[in-house]
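Shall we go through a few of them together?

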Amino acid sequence: MPKKKTSYQCSACGYENPRWMGKCPECGAWNTMEEILAAPEEAAPKAYKQRGGTGSSAKPLKDIETGTQVYISSGLPELDRVLGGGIVEGALMLVGGDPGIGKSTLLLQVCHHLCRTGKRVLYVSGEESARQIKLRAQRLGVADSDMIVLTENAMDQVEEKLRAVAPDFCVIDSIQTMYRPEMGSAPGSVSQVRESASLLMRYAKTEGCAIFLVGHVTKEGSLAGPRVLEHMVDVVLYFEGDHQHEYRLLRAVKNRFGSVNELGIFEMTGTGMRAVQNASETLLSQRAKGASGSCVFCGMEGSRPMLVDIQALVTQSFLAAPRRTVDGMDSSRVMLLLAVMEKRARLKMYNRDAYINVAGGLSLNEPAADLAFCMAVASSYVDRPVPGDWAVMGEVGLAGEVRAISQLERRVSECQRLGFTHILCPRDSAKHVKAPDGISLHGVDTVAQAMAVLDLLPGN
């Protein structure tokens with residue numbers, strides 16, 4: 001009996017080596033070498049023949065016809081927003097997220113809407129049986145859909161069904177369960193995921209079928225499988241959220257048809273995903289009235305202005321090193337701003353614990369949230385609330401200066417829509433914006449000035 005051989009393969013790029021290595025020499029990733037069992041030489045399958053190219057001829061760029069980009073609605077306005085307007089014909093889209101976050105539920109609702117508009121839809125599942133899919137459809141109230149269901153994970157059979165059905169849209173749930181029988185590796189391996197995605201990409205581009213791929217994620221939160229998978233597809237979407245909360249966030253980290261800064265918000269209900277149209281009002285609906293340490297900030301998620309509640313709790317510390325707990329903001333940025341507050345605003349933070357939270361489960365990355373964070377910290381420090389009709393926005397530098405921000409007009413309009421009458425913002429930005437009726441813009445140059453305007457200076 002031939003002796004079994006093992007080798008090590010990089011889960012990020014597919015590089016193979018007979019010995020384990022801490023760092024992959026091909027892509028430079030650490031701790032990605034995984035042990036795989038190689039088939040015996042005499043039992044190894046024959047190498048399959050790669051398909052030929054497209055056979056297209058080269059032509060000048062000026063002679064290429066672009067046509068009109070047609071966006072087809074998915075039935076969920078939030079998903080259309082993230083996709084850049086809707087689903088594009090022939091697009092290959094990858095949807096990733098934690099198990100149970102709602103990926104299959106969302107796509108099943110999309111398939112039902114597309115079937116109702118007369119589109120031909122094929123749902124391919126390599127993880128669930130047809131009965132399980134039917135039970136979920138009954139729970140969502142879409143069991144009467146004309147969607148075609150195929151439970152198969154062999155790519156040759158899936159390709160045959162694709163050509164026989166000729167769907168307008170297709171869902172592959174999930175790409176990690178698909179495999180090509182001609183290859184000796186197991187499903188989910190780097191080579192299998194890469195080749196299965198390559199076959200689907202060719203079909204999508206040649207036949208004009210829009211395909212959704214469902215992808216698993218690793219413990220670190222990144223998409224499982226080779227990194228080349230994200231390079232092959234047109235759109236990469238991440239479905240985020242906490243299982244303990246009803247809201248789910250959909251972000252685009254790659255989009256060849258639109259912006260990657262858009263954010264979609266969904267609410268998980270008993271009958272499926274419901275798009276949250278008025279995100280600002282939803283996020284502020286449970287805000288505590290008259291409590292210190294709370295400050296409203298208007299951020300920009302792509303083209304959408306969104307009001308969020310930044311919360312801070314500053315308490316006396318009895319530890320040698322004060323505790324810093326951050327949720328929803330960059331922790332290194334928070335440490336920097338706390339140092340600025342101690343140096344420029346005379347807040348003694350060296351003996352205070354600081355707990356920071358962005359309500360609603362959002363993650364703020366733009367520097368415009370700096371001033372609102374500083375005011376929330378100052379409010380908790382002096383135990384005086386920020387007035388309920390004030391919104392704060394602005395970037396803070398190391399010298400304590402408040403720097404200009406972009407799209408102030410859109411931010412002010414959103415604040416006005418929700419009843420805020422006073423806006424604390426950088427003076428340079430306020431000079432170029434005409435305040436609407438009923439809105440007062442208060443421009444400041446430093447953090448200390450902002451604290452004085454809101455009566456948050458210590459000792460007052």
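This is a predicted model: local features need pLDDT of at least 70, side-chain atom pairs count only at pLDDT 80 or more; totals for chains, interfaces and linings use all residues.

Q: What makes up the protein chain in terms of helices and strands, and what box do its C-alpha atoms fill?
A: The protein chain has 12 helices and 23 strands. Along the principal axes, its C-alpha atoms fill a box of roughly 85 × 55 × 55 Å. Of the 460 residues, 47% are buried, and the accessible surface comes to about 22,500 Å², with 49% of that belonging to carbon and sulfur atoms.

Q: Why is α2 called roughly perpendicular to α3?
A: The axes of helix α2 (residues 103-116) and helix α3 (residues 130-140) cross at roughly 70° and come within 11 Å. Angles of 65 to 115 degrees count as roughly perpendicular, so α2 is roughly perpendicular to α3.

Q: Which residues bring α2 and α3 together?
A: On the α2 side they are S104, T105, L108 and Q109, which meet I133, R136, A137, R139 and L140 in α3. By class, this contact has four nonpolar, three polar and two charged residues.

Q: What makes α4 and α5 roughly parallel?
A: Here the axes of helix α4 (residues 155-165) and helix α5 (residues 190-207) cross at roughly 10°, again coming within 11 Å. Angles under 35 degrees count as roughly parallel, and therefore α4 is roughly parallel to α5. M155, E159, L162 and R163 in α4 meet S196, L199, L200, Y203 and E207 in α5. The contact has five nonpolar, one polar and three charged residues.

Q: How do you know that the length of α9 agrees with its number of residues?
A: Helix α9 (residues 370-382) has 13 residues, which at 1.5 Å a residue should span 18 Å. Its end C-alpha atoms are 19 Å apart, so the two values agree.

Q: Why is α9 described as largely enclosed by the rest of the structure?
A: Because 13 of the 13 residues of α9 are buried, the helix is largely enclosed.

Q: Is S7 buried or exposed, and how do you know?
A: S7, in strand β1 (residues 5-10), has a relative accessible area of 12%. Buried means under 20%, so S7 is buried. Beyond residues up to four places away in sequence, S7 touches E16, N17, P18, E34, E35 and I36.

Q: What makes V276 count as buried?
A: Its relative accessible area is 2%, and the cut-off is under 20%, so V276 is buried. V276 lies in the loop between β14 (272-275) and α7 (279-284). Leaving aside neighbours within four places in sequence, its contacts include E78, Y247, F266 and R304.

Q: Why is N31 called exposed while A166 is called partly exposed?
A: N31 has 63% relative accessibility, and exposed means over 50%, so N31 counts as exposed. A166 has a relative accessible area of 44%; that lies between the 20% and 50% cut-offs, so A166 is partly exposed. N31 sits in the loop between β2 (16-17) and β3 (33-38), and A166 in the loop between α4 and β9. Neither is a glycine, yet phi is positive at about 55° for N31 and near 55° for A166.

Q: Where is there a cis peptide bond, and what is its omega?
A: The bond from D173 to S174 is cis, with omega near 5°. S174 lies in the loop between β9 (169-173) and α5.

Conventions. Residues are numbered from 1 along each chain as its sequence is written. Side-chain values use heavy atoms; hydrogens and water are left out. Axes are lines fitted to C-alpha atoms, for helices over the stretch in contact, and angles run from 0 to 180 degrees between N-to-C directions. Helices (H or I, at least four residues) and strands (E, at least two) are DSSP runs, numbered from the N terminus. Angles under 35 degrees count as roughly parallel, over 145 as roughly antiparallel, 65 to 115 as roughly perpendicular and the rest as oblique. Contact means heavy atoms within 4.5 Å. Ala, Val, Leu, Ile, Met, Phe, Trp, Tyr, Cys and Pro count as nonpolar, Asp, Glu, Lys and Arg as charged, and the others, Gly among them, as polar. The expected span of a helix is 1.5 Å times one less than its number of residues. Buried means under 20% relative accessible area, exposed over 50%, partly exposed in between (1.4 Å probe, protein chains only). Accessible areas come from the Shrake-Rupley method with a 1.4 Å probe; for residues, only the protein chains shown count as cover.
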